[in-house]
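Here are my notes on the model, as numbered points. Please read them with the structure open.

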Protein chains: 2
Amino acid sequence: MQQPDVTLETIQSARERIVGWTRRTPVLENETLNALAGAQLYFKCENFQEGGAFKARGATNAVFALSAAELRAGVVTHSSGNHGAAVARAARLRGVRARIVMPENSSRAKLEAVRRYGGEVLLCEPTLAAREALAAQLVRDSGAAFIHPYDDPRVIAGQGTIALELLEDVPDLDWLLLPVGGGGLASGVAVAAKAMRPAMRLVGIEPIGADDAQRSFASGTLSRPQQPSTIADGLRGALSARTFELIRRHLDDIVTVSDEAIVRAMRTLWQHLKIIVEASAAVSYAAVFEHQLDVSGARVGIILTGGNVDLDELPW
Amino acid sequence: MQQPDVTLETIQSARERIVGWTRRTPVLENETLNALAGAQLYFKCENFQEGGAFKARGATNAVFALSAAELRAGVVTHSSGNHGAAVARAARLRGVRARIVMPENSSRAKLEAVRRYGGEVLLCEPTLAAREALAAQLVRDSGAAFIHPYDDPRVIAGQGTIALELLEDVPDLDWLLLPVGGGGLASGVAVAAKAMRPAMRLVGIEPIGADDAQRSFASGTLSRPQQPSTIADGLRGALSARTFELIRRHLDDIVTVSDEAIVRAMRTLWQHLKIIVEASAAVSYAAVFEHQLDVSGARVGIILTGGNVDLDELPW
């Protein structure tokens with residue numbers, strides 16, 4: 001197993017590295033949602049992050065941690081979502097080439113986002129094996145630096161910077177709820193949050209249709225993912241050995257929510273917060289809204305991870 | 001003609017009166033929208049205001065300016081939109097009765113918003129004459145205090161507080177763009193903005209299908225409204241003598257935008273700012289997006305007035 005070399009110190013360094021290149025996102029509160037929950041909810045709005053998702057943090061930290069020599073042949077990643085655009089943006093800020101391997105069935109919006117930031121798209125068959133193979137070949141042939149979407153301590157540390165900002169704005173949280181996909185955000189935030197506020201209850205939230213993290217957490221051994229099926233397309237990824245180890249060590253629990261609950265939560269957030277969040281970003285609030293966690297009277301941090309939605313294809 | 005007794009001082013007093021009962025709303029910026037416009041755009045987000053619209057400012061100022069004796073019989077208003085809910089909310093904060101006259105064809109969402117804040121809804125025929133007659137009768141019979149949606153110096157001063165906050169956050173604006181309906185927001189903001197920053201260019205924006213303010217402004221005499229027809233339902237109202245006088249004196253120009261431009265602008269704001277704004281709130285950005293104003297290289301303030309949208313009835 002690889003060493004999970006992500007610490008509060010590497011996350012603090014990540015913050016210094018990305019400040020100015022990413023946004024400090026706001027924390028929203030809402031009277032109506034508090035009344036519905038019987039709790040004080042604090043929404044950390046990564047939908048307002050550069051590129052519309054938290055991925056800018058990890059990608060920017062990884063690209064800016066590399067030396068000019070290491071970046072000579074540019075960067076490579078594979079992504080079906082927001083990470084590809086975030087890597088392209090960070091590479092452009094450093095003035096280097098970015099090649100993004102994407103499945104050929106990627107949405108037009110996702111392809112356009114990568115190209116808008118100057119990334120070169122390389123299409124492949126829509127399987128994880130094909131993505132990994134093509135990315136590995138590019139790295140081998142060109143000497144480019146590879147930046148994995150989540151199985152990378154620099155990416156994880158970048159995502160962890162969310163916790164530093166949130167706990168500065170709301171120091172006395174009782175709970176912090178984290179969406180879990182590949183585990184980059186959950187593990188980075190958990191490392192920082194447990195170090196800064198050990199008494200806070202840290203709970204990962206997963207769609208029922210992509211519950212590999214919950215099964216792994218419950219059994220204590222990394223489960224192989226089954227065919228994921230959920231509207232929350234950002235949470236279909238599977239934990240790596242590294243992210244599993246960090247999550248196993250730092251999270252208190254993982255709970256799952258149904259796709260129906262996710263859609264209801266997404267719509268309720270749009271209606272009352274007046275902001276656009278994607279389905280993957282609504283899972284934590286879904287767990288509160290459906291009373292799957294006993295948070296009554298507590299102060300609850302909820303990370304809204306992104307807002308990249310096809311406005312012609314709303315799920316209600 | 002009534003005296004337009006709204007000044008920078010009454011607006012500053014309004015701000016002291018409503019602070020704590022309303023929100024200081026954020027100003028958003030966006031790289032992509034700036035690039036599209038060739039200008040620096042500063043979006044003042046009243047969709048995040050209490051009740052989802054700027055109306056909370058004027059209604060709260062009007063209700064809190066009344067003495068306990070004046071409030072003994074409660075308050076009355078007529079409204080088909082956000083003002084009714086804002087008056088109900090302010091009355092509840094003062095612990096007094098609020099009766100809101102609404103047309104019988106009001107949307108369920110609008111009726112529910114009033115009732116959620118404890119307001120009593122009285123339905124009437126969907127004409128302005130019927131609304132005014134029923135409200136006048138309630139005032140006559142009960143001695144309640146009447147709070148007009150915009151033809152009231154306390155309401156206008158409350159809306160003007162937007163300018164104080166915006167110019168604190170962004171002092172060096174070159175332009176400020178204001179939606180014009182009944183003229184409460186436009187006149188209050190214009191009074192404060194011209195007093196604080198006389199060199200700034202103040203432009204009102206109206207839907208083509210409800211252009212009474214532009215016609216009045218161009219001719220110098222108050223035009224009678226024709227049958228308004230626009231998707232921007234918050235801007236169907238007609239100027240009063242009072243709001244016309246303030247607008248005539250303080251605005252530099254009024255331009256109009258088509259419903260098609262309003263919908264394109266609304267969608268573009270959703271897509272890039274990741275926030276929900278209603279059609280009426282998108283008119284100012286529509287004028288920029290369609291290049292109807294020569295703002296290139298300038299710093300432009302845009303007031304996004306509200307975000308109350310039926311999520312099942314999007315206009316695209």
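1. Helices here are DSSP runs of at least four residues, numbered from the N terminus. By that count A:Glu245 sits in helix H10 of chain A, residues 241–250. Bear in mind that this is a predicted model. A:Glu245 is buried, because its relative accessibility is 13% and the cut-off for buried is under 20%. Its side chain makes a polar contact of 3.1 Å with the side chain of A:Arg249.

2. Next, the interface. How many residues of chain A are in contact with chain B? The count is 23, and they meet 23 residues of chain B. The size of an interface is often given as the accessible area lost when the parts come together. For chain A and chain B the buried area is about 2,000 Å². Carbon and sulfur atoms give 49% of that area.

3. Polar links cross this interface. Ten residue pairs are in polar contact between chain A and chain B, both residues being at pLDDT 80 or more. Four salt bridges also run across the interface. One of them pairs A:Asp312 with B:Arg267, with the closest N and O atoms 2.7 Å apart. On the side of chain A that touches chain B, helix H11 (residues 259–273) gives the most, with four residues. By class, that side of chain A has nine nonpolar, six polar and eight charged residues.

4. Now the core. Which members of the largest nonpolar core touch the most other members? They are A:Leu41, A:Trp270, B:Leu41 and B:Trp270, in a core of 86 residues. Take A:Leu41 and set aside its neighbours within four places in sequence. A:Leu41 is then in contact with A:Leu28, A:Glu29, A:Leu33, A:Asn34, A:Tyr285, A:Val288, A:Val300 and A:Ile302.

5. Look at A:Gly160 in helix H7 of chain A, residues 153–169. Is A:Gly160 buried or exposed? A:Gly160 is buried, because its relative accessible area is 0%. Not counting residues up to four places away in sequence, A:Gly160 touches A:Ile11, A:Gly188, A:Val189 and A:Ala192.

6. Two backbone angles deserve a look. Most residues other than glycine have a negative phi. A:Lys274 is not a glycine, yet its phi is positive, at about 65°. A:Lys274 lies in the loop between H11 and helix H12 (283–289) of chain A. A:Lys274 is buried, with a relative accessible area of 6%. B:His291 also has a positive phi, of about 55°, and is not a glycine. B:His291 is in the loop between helix H12 (283–289) and strand E10 (299–304) of chain B. B:His291 is exposed, because its relative accessible area is 57% and exposed means over 50%.

7. Over all chains the structure holds 44 salt bridges. One joins A:Arg24 to A:Glu168, with the closest N and O atoms 2.9 Å apart. A:Arg24 is in the loop between helix H1 (8–18) and strand E1 (27–28) of chain A, and A:Glu168 is in helix H7, so the pair ties together parts 144 residues apart in sequence. Both ends are partly exposed: A:Arg24 at 41%, A:Glu168 at 44%. The two also belong to a network of salt bridges that links A:Arg15, A:Arg24, A:Glu168 and A:Asp169.

8. A salt bridge of 2.9 Å, N to O, joins the side chains of A:Glu120 and A:Arg97. A:Glu120 is in strand E5 (residues 120–124) of chain A, and A:Arg97 is in the loop between helix H4 (82–94) and strand E4 (98–103), so parts 23 residues apart in sequence are tied together. A:Glu120 is partly exposed at 33%, and A:Arg97 is partly exposed at 43%.

9. In chain B, check B:Arg24 and B:Asp169. Their side chains meet in a salt bridge of 2.7 Å, N to O. Why does this pair tie together parts that are 145 residues apart in sequence? B:Arg24 lies in the loop between helix H1 (8–18) and strand E1 (27–28) of chain B, whereas B:Asp169 lies in helix H7 (residues 153–169) of chain B. B:Arg24 is partly exposed at 41%, and B:Asp169 is partly exposed at 40%.

Definitions and conventions. Residues numbered from 1 in each chain as written. Chains lettered and ligands numbered in written order. Predicted model: local features only at pLDDT ≥ 70, side-chain atom pairs only at ≥ 80, totals over all residues. Heavy atoms only, no water. Helix = DSSP H or I, 4+ residues; strand = E, 2+ residues; numbered from the N terminus. Buried < 20%, exposed > 50% of the residue type's maximum accessible area, 1.4 Å probe, protein only. Polar contact = N/O pair within 3.5 Å; in protein donor to acceptor, adjacent residues only side chain to side chain. Contact = heavy atoms within 4.5 Å. Buried area = accessible area lost by both parts, 1.4 Å probe. Nonpolar A, V, L, I, M, F, W, Y, C, P; charged D, E, K, R; others polar. Core = buried A, V, L, I, M, F, W, Y, C linked by side-chain atoms within 4.5 Å.
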